[in-house]
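Have a look at the picture before reading on.

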Protein chains: 2
Amino acid sequence: MIKIKLHKLLFYKALLAVFAVCNLTGFSTASAQAKKATWIYYPGDFEVWLGNKMQNRRTDRGSFLPVLWKMDSHYVLVEFHKDFDVPATEEVKLYVEGIYNAKVDGQAFIGYPKSITVPAGHHKVSLKVYCQDRVPAIFVQGKTVVSDDTWLVTFEDKEWIDATGKVSDKSGTTYLNAGAWNFNDPLSPPSKFRLPTLPQHAVKSEKKANSIFLDFGKETFGFVKLHGLKGKGKLHIYYGESREEAMSVEHCETLDELDINEPVKKDSVMELSKALRYVNAQYDGGISVDSVSMLYEYAPLTQRGAFRCSDDEVNKIYDISKYTLQLATREFFIDGIKRDRWIWSGDAYQSYAMNYYSFFDSPTVTRTILALRGKDPVTSHINTIMDYTFYWFLSINDYYQYTGDKSFIKQFYPRMQTLMDYCLARRDSNGMMAGLPGDWLFIDWADGLSKKGELSFEQLLFCRSLETMATCAKLNNDAEGAAKYQALADELKAKIFKLYWNDQKHALVHSLIDGAQSDNVTRYTNMFAIFFNYFNEQQKQDVKTNVLLNDKIQKITTPYMRFYELEALCAMGEQGYVLKQMKDYWGGMLKLGATSFWEEYNPDKTGADVYAMYGRPFGKSLCHAWGASPIYLLGKYYLGIKPLTPGYQSYLVEPNLGGLKWMEGTVPTPDGNIKMYCSTSQIKIKGDIGTGLLRIKSKSKPVCKTGTIQAKGNNGYELSIEKGKDYIVSYSAL
Amino acid sequence: MIKIKLHKLLFYKALLAVFAVCNLTGFSTASAQAKKATWIYYPGDFEVWLGNKMQNRRTDRGSFLPVLWKMDSHYVLVEFHKDFDVPATEEVKLYVEGIYNAKVDGQAFIGYPKSITVPAGHHKVSLKVYCQDRVPAIFVQGKTVVSDDTWLVTFEDKEWIDATGKVSDKSGTTYLNAGAWNFNDPLSPPSKFRLPTLPQHAVKSEKKANSIFLDFGKETFGFVKLHGLKGKGKLHIYYGESREEAMSVEHCETLDELDINEPVKKDSVMELSKALRYVNAQYDGGISVDSVSMLYEYAPLTQRGAFRCSDDEVNKIYDISKYTLQLATREFFIDGIKRDRWIWSGDAYQSYAMNYYSFFDSPTVTRTILALRGKDPVTSHINTIMDYTFYWFLSINDYYQYTGDKSFIKQFYPRMQTLMDYCLARRDSNGMMAGLPGDWLFIDWADGLSKKGELSFEQLLFCRSLETMATCAKLNNDAEGAAKYQALADELKAKIFKLYWNDQKHALVHSLIDGAQSDNVTRYTNMFAIFFNYFNEQQKQDVKTNVLLNDKIQKITTPYMRFYELEALCAMGEQGYVLKQMKDYWGGMLKLGATSFWEEYNPDKTGADVYAMYGRPFGKSLCHAWGASPIYLLGKYYLGIKPLTPGYQSYLVEPNLGGLKWMEGTVPTPDGNIKMYCSTSQIKIKGDIGTGLLRIKSKSKPVCKTGTIQAKGNNGYELSIEKGKDYIVSYSAL
């Protein structure tokens, strides 16, 4: 109970902090300041720069442990411009990250002016900025001349002059709209961005002569703070997600080793934030410490989604899922908070899905997508993993479906094309993608999973990626590209069924080796093919029986792939079965004392063995974003709410109690929420956006005073939901 | 006379300074410290980083004026490693630019160790470094474990582990040899690199109440220094390459505007170095200045080449050429010192050629080539100019011919390939390269020069570039690439002669417009085809008469293209004619008081009009590297010394007095010099390298005591020159 109280209090404090720190952190409510100036930069560059910063904070037992793939950089020289109609002469203040020139109609001001005068009339205002260490960025504040994402930017303006002084034709220059987030304070440029912190105290503290051992009551994240530190000598801090880990000075995954030399008592905050529940501070005899606390570091996002139901265990699973996602949502959606703290495309792909049913924070999605993509040239798969490249494509499709944001796709379609070019160039003679040197074929952490030959799983994701390219090509009026990608997708899909489908096994087999089907059937390809809707009805049923519900097929032990396994079953209406699985699996972690969900959970393991992974006793992350999938499953397949057309302009509500007596919840959309309550006899619903379609099964015709129920046969009924209107439907569940 | 004295004194001081500052500046004699540790980095990255720094120092009347093309960045995350056989346990000191880890055999040390212990035996030592603002670089100093260019580096090590902790196969990782220069002091990392400076004083100074006007006696470059500055108010410094420019506060190209607030007298040095001969300092009444001097900033390179002859004017042209090249040789070979101070590929290409007959400083060549090339992706031609892309390829061919350095080509062949891919993708349906949007077709500054259609000049350079690719492909054992590039070159060459050669005009015409030859014949294509040796003998003679010596063909007014025009004539044995041209053209500038050679010189212009260009009264640069070509012409076509096989393993000496009574000189090579004296009756020669072939014409058989003269018919004789041996040949010039 104490844990829950702390959590609620913290959440309240965090909400207050959102408003207090908004201008310092860059997280602020943008709408209030619309039409005002904001810091702008080359789109995608802040994301790459911040990604470098964040991903280079990992340490492994005190040693710096950076990523294993290429890190890109921002463009160091950027031109910004916009044409303005200025009604009366105005003073325009300039704030710039870097050295720069400022021009009106091509005429430069001398030096680095802090303010310029723009006369009345139609004028082109431009700045050109060079900055090596930070992202070139500008904040321009006049009355009408203000910087925002309608400015155009380029990294090569090609503005040369001939011997007579005539300026070049610049038709070869590509301009994009400037990137912006919510850096609305001229004195808080993008480079100053930091996540906010709040003091947090241990629930238990054990102090000895030369050590302090703390329990913060639950998994958390932040900067350890030593109060009243004094003396000279070595001080070690051993961090633990489990008590065992913090106690194990030899094997805990993260630690700090400090040389202390403080003649006078002072407070000292660690340089790097860390994941922890337990802290074990040990120090030499010459050192004294009064007490230890921490600064909780968090992304100040609003939880817009909600879910409650008749089952307390499910409610707890939902709450802990949300807390898990909250912890793993930082500058970006990261994998887990203890170890990597990197942006992994496959992990992030799941966080996006959960985000659409919780924060609905688009900037964190696009920021993560852009940081993952980095810059050209493409020299390896995203995170070096072939499947992670494909999830990257899929994430853009999902983003568009949930948000309806076309402008993002327009700006970054060229980066999609070059990444797809990379894939297409790596196809084998069979037109499929097998692992080449340097490719990591991940799929999942699973004992003995074969990566040999052409894997059906990779081809399936490749096919879906090509479909995404076709969609995005159409959005960008690239008819030729759309036709090309669609043809490639169609051809590949036909090949997948021709080569991998096995009539005896009633499933897609795992791989082709030298052109022949392997004996192996795994869950992965088959479950994805279900919710990709690639199977016909018969195949679906075959796969459900022969693969998904077949205990002889190798079991999945990561929440990562359980996400998709359960999604496939939900997509086939097996919410009842899935609810039991959820209670077993996530409930199983809760029974082991989890305060956030894990990277991997194998019910067969016991004792401290549950913490081991990667050949290390505490290698496993106990707070991994991919553990939080109940958020998504409960929102999309129990509340049953999802967009039918991009950005929820139309959407489906197909509640499925899966054995619950009742449930209620909120699903966020780009413009307001959809709220619903559902029991076995009543449904209440209200949507702030678009047109909804409520689809229910009822023994008899449901009753609704504010809408017209349409019978669809086979006990099915539909009701159209208009924006802003309350609906109460009485029905009788089958 | 004063000027010469100053110059000599300066040169002596500069030589002394080379040794004094070598460890501070990075310029030092590498051979003395061979086998010792040096700072290493990802090859090409320091060059790109320094290029950004240098090219962002341009100002235009006090406004920042950066380049118009894409600026790239270094890789921010780099892995360095090498395997060592360590005879006995040793302490190894580590100096690193950035945050890092250090490992022995994959085991990381905690924190950022300044020193590590490497035990006896075979060990892999590795460091992985992240640095955003500077180039990740390391200096490793043990007894046997030392950093040098035999270390391997990568920007993506792809070192992942599976769930059991097993490390990935890394066969997909591309490693290059580390880049290094001569940063041999652990406390002077690459990021601290600065050119050295020396105090320099005006030869004339005119002080008034609120101004000081100075003449430094000749064109120079550096930081203006104000002595005894005191008071409050505005201070302006107007720089002039000419007296007129410094006097013209409204139109001088460069200036400094300073807000002074100095209650106590102090000396103040300007932040940016500038080109100048004259300085006009003007200040408000509240300000006083005791005197003004400057700090001459220079690249401390050794002038290894030399030339003297019986004609004093030619000697002066040679000296001023060398001084011009010295001034324009800075961190890189730049265009000119007043205005752009950028690295322009076409300009640099000529500096390389001059360098082979003067400094023979390969690091400045490769540094310039790498800074120009930058990183992938290629988004435009080099400097946006199509011809400049081709010069870049040609520069690598020349570099290999003069230095024999295969390792440079091996490291950077992939960057050659991707740049050529860019070109190949931009061919038209005719297989030729016409200007596309964003392409600058430069050729030369010449009134009314048409850039329409497919220009023969661009195709000719494209063809030569393809030949270079074929050569480099062979050097890299890329037989397939070599065949491909050679076939493309052959095809294009045939097309050039088929489409552009005009039998009536006895020349290659300027362009094809809609498939038809334009009426226009220009010198450019025709003169390049001569020294590319693309013509047969008849065509050469035709072109000489009908183009090169034909006054009706538009004259060239830039030293830039005069370089090639005179080279073509020299290649045809017209040294006598060229010597007269040289004395007319370069002598013409001297008669106008030039102390360095200009960007453009048109003998038809007079008065202050000679300084105008780009529609600005002082737009012209009076110290432009491309003005210094006599260095190259005199060395290659008068002394007549050039490599026959790469790196002077064999070379040709074919002196041509061109009407001079005598000449003597030194031509530097990768390993020592070739010295020669030649009069109409005697030749003395000694070479430190390879095998030379002296080729002379003589009325009767020449006499040489130390070698055997071979008669070759038609008054031609040859003598083989062995390394280290003195030869004196008596002959009788025709």
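## Where the two chains meet

A polar contact here is a pair of N or O atoms within 3.5 Å, where one must be able to donate a hydrogen and the other to accept it; residues adjacent in sequence count only if both atoms are side-chain atoms. Keep in mind that this is a predicted model. With that rule, how many residue pairs are in polar contact between chain A and chain B? The count is 20, with both partners at pLDDT 80 or more. Salt bridges between chain A and chain B, on the other hand, come to 0.

Which elements of chain A give two or more residues to the side touching chain B? They are α2 (45-55), β3 (63-64), β6 (99-104), β9 (121-130) and β17 (255-269). Sorted by class, that side of chain A has 29 nonpolar, 18 polar and 15 charged residues.

For chain A and chain B, the buried area is about 4900 Å², and carbon and sulfur atoms give 62% of it. In terms of contacts, 62 residues of chain A meet 62 residues of chain B.

## Inside chain A

Chain A splits into domain 1 (27-192), domain 2 (197-297), domain 3 (306-636) and domain 4 (645-730). Let's zoom in on one pair: the C-alpha centres of domain 1 and domain 2 of chain A lie 41 Å apart. Their contact takes 5 residues from domain 1 and 9 residues from domain 2.

The area buried between domain 1 and domain 2 of chain A is about 570 Å², with 43% from carbon and sulfur atoms. On the domain 1 side, Arg57(A), Thr59(A) and Arg61(A) supply 86% of the area buried against domain 2, more than any other three residues. By class, the domain 1 side has no nonpolar, 2 polar and 3 charged residues.

Tyr238(B) sits in strand β16 (residues 211-240). Is Tyr238(B) buried or exposed? Its relative accessible area is 9%, which is under 20%, so Tyr238(B) is buried.

Ser351(B) belongs to helix α5 (residues 345-355). Ser351(B) counts as buried because its relative accessible area is 0%. Leaving aside neighbours within four places in sequence, Ser351(B) is in contact with Leu325(B), Phe333(B) and Ala625(B).

Note on methods
Residues are numbered from 1 along each chain as its sequence is written. Chains are lettered from A and ligands numbered from 1 in the order in which they are written. This is a predicted model: local features need pLDDT of at least 70, side-chain atom pairs count only at pLDDT 80 or more; totals for chains, interfaces and linings use all residues. Side-chain values use heavy atoms; hydrogens and water are left out. Domain bounds come from an automatic or database domain assignment. Contact means heavy atoms within 4.5 Å. Buried area is the accessible area (1.4 Å probe) that two parts lose on being put together, summed over both. Ala, Val, Leu, Ile, Met, Phe, Trp, Tyr, Cys and Pro count as nonpolar, Asp, Glu, Lys and Arg as charged, and the others, Gly among them, as polar. Helices (H or I, at least four residues) and strands (E, at least two) are DSSP runs, numbered from the N terminus. Buried means under 20% relative accessible area, exposed over 50%, partly exposed in between (1.4 Å probe, protein chains only). A salt bridge is a side-chain nitrogen of Lys or Arg within 4 Å of a carboxyl oxygen of Asp or Glu.
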